[in-house]
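Keep it plain and group the points by topic.

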Amino acid sequence: MVMELRRRKRYKVRMVSVELPPAFWGFDESVKMLGNKRANMAPAGLPTVAAMLPEEHFEVLPIIDLRIEPLTDKQIQAVDIVMFSGMIVQREALEREMARVKCFDKTIVIGGPYATAYRDQVLAFGAADYLVLDEAEVTLGPWVEDFLAGRAVKVYDEKSVKERITIGLTREGKPVLTQTPTPRWDLLKL
């Protein structure tokens, strides 16, 4: 499936933010008091990554936040690539949703704090085609370039793309945030 995708000019992408289990950080009980609200904050990472994907090659469809709405089979079938991000507390939901998407033979890309901290666990799920780890401002560009050229590898991290970094970094080696594009808030149901 991945090789077949590269022949296309523009890829349809669906980004998915998985649900949080009942926990302090979800503020589940507080959110219920707000009436028709279903989450305490919008996911910021995926809209930022969406803004970083070149529009001439990637059509990013509305982001699915599983705290707000379900991911339907039809939504999966309509795309070429599904991108996930999540935190450690979302591990079970990530594993479940990635396995579900893999049944549709879609290309799966995962990043975020959980995949970055526990790449071996994510690889053990067996569903991810690509891990784009660490700061997306550093690793996403090389993945996009390699994916479009048909030479993408399984894992992209700051160490593996060190020679290809084209953005400014702070003294601590983190991206200068003024170079990060404005997140694509239009892709979320706010």
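Predicted model: local features only at pLDDT ≥ 70, side-chain atom pairs only at ≥ 80, totals over all residues.

Residues are numbered from 1 along each chain as its sequence is written, and side-chain values use heavy atoms, with hydrogens and water left out.

**Whole protein**

- The secondary structure comes to eight helices and seven strands; helices (H or I, at least four residues) and strands (E, at least two) are DSSP runs, numbered from the N terminus.
- Of the 190 residues in the protein, 43% are buried; buried means under 20% relative accessible area, exposed means over 50%, and partly exposed lies in between (1.4 Å probe, protein chains only).
- The accessible surface comes to about 10,400 Å², and 55% of it belongs to carbon and sulfur atoms; areas come from the Shrake-Rupley method with a 1.4 Å probe, and for residues only the protein chains shown count as cover.
- Among contacts with a separation of 6 or more, 67% are between residues 24 or more positions apart; contact means heavy atoms within 4.5 Å.

- Strand S1 (residues 11-17) is mostly covered, with six of its seven residues buried.
- S1 pairs in the parallel sense with strand S2 (residues 58-60) over three bridges, and Lys-12 stands opposite Glu-59 in S2; two strands pair if DSSP finds at least two bridges between them.
- S1 also pairs in the parallel sense with strand S4 (residues 81-85), over five bridges, and here Val-16 stands opposite Phe-84.
- Two bridges link S1 to strand S3 (residues 64-65), again in the parallel sense, and Ser-17 has Asp-65 as its bridge partner in S3.
- S4 and S5 run parallel and are joined by five bridges, with Ile-81 opposite Thr-107 in S5.
- In S5, five of the five residues are buried, so the strand is largely enclosed by the rest of the structure.
- In a regular strand the side chains alternate between the two faces of the sheet.
- Both faces of S5 are covered: Thr-107, Val-109 and Gly-111 are buried on one side, and Ile-108 and Ile-110 on the other.

- H8 has 14 residues and reaches 19 Å from its first C-alpha to its last, close to the 20 Å expected at 1.5 Å a residue; the expected span is 1.5 Å times one less than the number of residues.
- Ten of the 14 residues of H8 are buried, so the helix is largely enclosed by the rest of the structure.
- The buried residues of H8 include Val-138, Leu-140, Trp-143 and Asp-146.
- Glu-137 lies in H8 (residues 136-149) and counts as buried because its relative accessibility is 18%.
- The side chain of Glu-137 makes a polar contact of 2.9 Å with the side chain of Thr-180; a polar contact is a pair of N or O atoms within 3.5 Å, where within protein one must be able to donate a hydrogen and the other to accept it, and residues adjacent in sequence count only if both atoms are side-chain atoms.
- Leaving aside residues up to four places away in sequence, Glu-137 touches Met-52, Ile-167, Pro-175, Leu-177 and Thr-180.
- Gly-150, which follows H8, has a positive phi near 80°.

**Aromatic residues**

- Rings of Phe, Tyr and Trp (its six-membered ring) pair if their centres lie within 6.5 Å; planes under 30 degrees apart count as stacked, over 60 as edge-to-face and the rest as tilted.
- By this rule there are nine aromatic pairs.
- The rings of Phe-58 and Phe-147 are a tilted pair, because their centres are 6.4 Å apart and their planes stand at 35°.
- Phe-58 lies in S2 and Phe-147 in H8, so this pair ties together parts 89 residues apart in sequence.
- Phe-58 is buried at 2% relative accessible area, and Phe-147 is buried at 0% relative accessibility.
- One aromatic cluster is formed by Tyr-11, Phe-58, Tyr-130, Trp-143 and Phe-147.

**Loop residues with positive phi**

- Most residues other than glycine have a negative phi.
- Asp-105 has a positive phi, near 60°, and is found in the loop between helix H5 (91-102) and strand S5 (107-111).
- Asp-105 counts as partly exposed because its relative accessibility is 44%.
- Asp-134 also is not a glycine and has a positive phi of about 60°; Asp-134 is found in the loop between strand S6 (130-132) and H8.
- With a relative accessible area of 30%, Asp-134 is partly exposed.
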